[in-house]
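The following questions and answers concern the structure shown below.

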Amino acid sequence: MCDNVLSSSVDSEILTGDEENVADNYNHPIEGLIYTPCNIPGPGANIEDFETQYAVGCSCRNGICVSELDCECIRSYNRSYDGNGCLLPERIVGCIMECNSLCLCGRQSRCGNRICQLGPADGLEICMTGNGKGMGLRTTKKIAVGSFICEYAGEIIGIEEAKRRAQSQSDSDMNYIFVLNEHLANGNLLKTCVDPTVIGNIGRYINHSCQPNSVVIPVRTNTLIPKIGIFAADVIQPGEEITFDYGGNSSAECNVKSNKLCLCGSINCKKYLPYDALLYLE
């Protein structure tokens, strides 16, 4: 559980890059951090990936986009959300494709295939956990199963830059670098490295748990770069801390235990925090 709520009124720089203006009114409670509502290119990132349109848009002028019968996006990539905007149970694995800037439905419509693009959930609070984990993120409102909570956004960096940053950390440093592993149909493994250590959004405050109440799902909208979407895996009650498994998106050969103790306190605690082995390969 979280104790003291931390004010987010610190005047930190806010970036508004990315292909869309995400509605995000949160900020950092710590000076020296830069707030970005969505991913931005960092050292080693492939700029072309940020500029390449991922998919052709739909022609749904009614702006609803909830059925494969009338939406090309859903027909091509399957439906991901129910009528309340919650993730369908069968989409808990794999990648989600939302409507994009080429779609005629438009971001200001009632499109049922634009959830992550609407920004983080209301009622999120940065707080002190009081159990040695430092800061955490909790909700003041009940969050339904499958609801989108927020992105885990920051700098998209290359693998070598991710390794350099990870290996320069001391044992007492917090590691915010998240490596998303996507297994492609051709057998290749696509890795996306996100680092919100200095430049990031409210998602950087979510702690690890070996028994988490949320799950990581990659979501693509306009570009090849996926959004790291955090969705509720259980009903999350007001006052409850939001957590996800830092190694939950890694395959067994990628996900190993670090030498940093896990303080999640769950019954199934694995004692040590997971990390992607790639970060420490020479």
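Q: How much space lies in the second largest cavity?
A: This is a predicted model, in which local features need pLDDT of at least 70, side-chain atom pairs count only at pLDDT 80 or more, and totals for chains, interfaces and linings use all residues. Residues are numbered from 1 along each chain as its sequence is written, and side-chain values use heavy atoms, with hydrogens and water left out. A cavity is a set of points, on a 1 Å grid over the protein atoms alone, where a 1.4 Å probe fits but cannot get out. With volume taken as the space filled by probe spheres set on the points, the second largest cavity holds about 30 Å³.

Q: Which residues line the second largest cavity?
A: Lining residues have an atom within 4 Å of a point. By this criterion the lining consists of Val22, Asp24, Pro37, Gly119, Pro120, Phe148, Cys150, Glu151 and Asn201.

Q: Which strands form the edges of the open four-stranded sheet?
A: Strands (E, at least two residues) are DSSP runs numbered from the N terminus, and two of them pair if DSSP finds at least two bridges between them. The sheet has mixed pairing and runs in the order E3-E11-E12-E6. Pairing on one side only identifies the edge strands as E3 (96–97) and E6 (148–151).

Q: Which residue of E11 is the bridge partner of isoleucine 96?
A: E3 pairs with E11 (residues 214–220) in the parallel sense, over two bridges. Within E11, the partner of isoleucine 96 is valine 219.

Q: Is glutamate 161 buried or exposed?
A: Glutamate 161 is found in helix H3 (residues 159–167), a helix being a DSSP run (H or I) of at least four residues. Because its relative accessible area is 15%, glutamate 161 is classed as buried.

Q: With which side chains does the side chain of glutamate 161 make polar contacts?
A: A polar contact is a pair of N or O atoms within 3.5 Å; within protein, one must be able to donate a hydrogen and the other to accept it, and residues adjacent in sequence count only if both atoms are side-chain atoms. The side chain of glutamate 161 has a 2.8 Å contact with that of arginine 164. Another, of 2.8 Å, joins it to the side chain of arginine 165.

Technical notes: Buried means under 20% relative accessible area, exposed over 50%, partly exposed in between (1.4 Å probe, protein chains only). On a 1 Å grid over the protein atoms alone, a cavity is a set of points where a 1.4 Å probe fits but cannot get out, and a pocket is an open set with protein on both sides within 12 Å along at least five of seven lines; lining residues have an atom within 4 Å of a point.
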